[in-house]
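Colleague: Could you show me how to read aromatic pairs and nonpolar cores in a model? I am new to this.

Modeller: Gladly, let us look together.

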Amino acid sequence: MNFFDAQTALPALARQLPDHSGLVVACYCAAWCDTCSAYRDPFEDLAARLPQHVFIWIDIEENEALLGDEEVENFPTLLIQSARGNMFFGPMLPHIEQLERLLQGVDAARPIESGPPSLKQLVAAAA
């Protein structure tokens, strides 16, 4: 399994992440956000097509500890982390094709300084 809803599967996610070497792709959302609700199925479908990565659905009102000190102002906000650090953090239009293209080119990108700390560490502390 490579898709986790942080609200219902945090213990399983905490067991999966320490040994994971691929990308971690998190979607920060809110239950009341209709755009996020519509984005969830395509996000899960992308996770099924890319089993080498871990995809996490994070409701920021239920799992705010998984955001660190960062704030989310627009939904959906995506975070992509690799072993090198944060590769992307910011809002993205709810078109899954954009995320898929971003994931294809992330190996050539340089890490960025903004965004939450390591989700591996945040999840371990929250679980």
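Modeller: A pair of aromatic rings is described by the distance of the centres and the angle of the planes. Rings of Phe, Tyr and Trp (its six-membered ring) pair if their centres lie within 6.5 Å; planes under 30 degrees apart are stacked, over 60 edge-to-face, the rest tilted. By this rule there are six aromatic pairs here.

Modeller: This is a predicted model, where local features need pLDDT of at least 70 and side-chain atom pairs pLDDT 80 or more, while totals for chains, interfaces and linings use all residues. Residues are numbered from 1 along each chain as its sequence is written, and side-chain values use heavy atoms, without hydrogens and water.

Colleague: How do the rings of Tyr28 and Phe89 pair?

Modeller: They are edge-to-face, with 6.3 Å between centres and 85° between planes. Tyr28 lies in strand 2 (residues 24-29) and Phe89 in strand 5 (residues 85-91), 61 residues apart. Strands (E, at least two residues) and helices (H or I, at least four) are DSSP runs numbered from the N terminus.

Colleague: Are Tyr28 and Phe89 buried or exposed?

Modeller: Both are buried, meaning under 20% relative accessible area; exposed is over 50%, partly exposed in between (1.4 Å probe, protein chains only).

Colleague: And what is a nonpolar core?

Modeller: A set of buried Ala, Val, Leu, Ile, Met, Phe, Trp, Tyr and Cys residues joined through side-chain atoms within 4.5 Å. The largest has 23 residues, of which Val25, Phe43, Phe55, Leu99 and Leu103 touch the most other members. Helix 2 gives the largest share, five residues.
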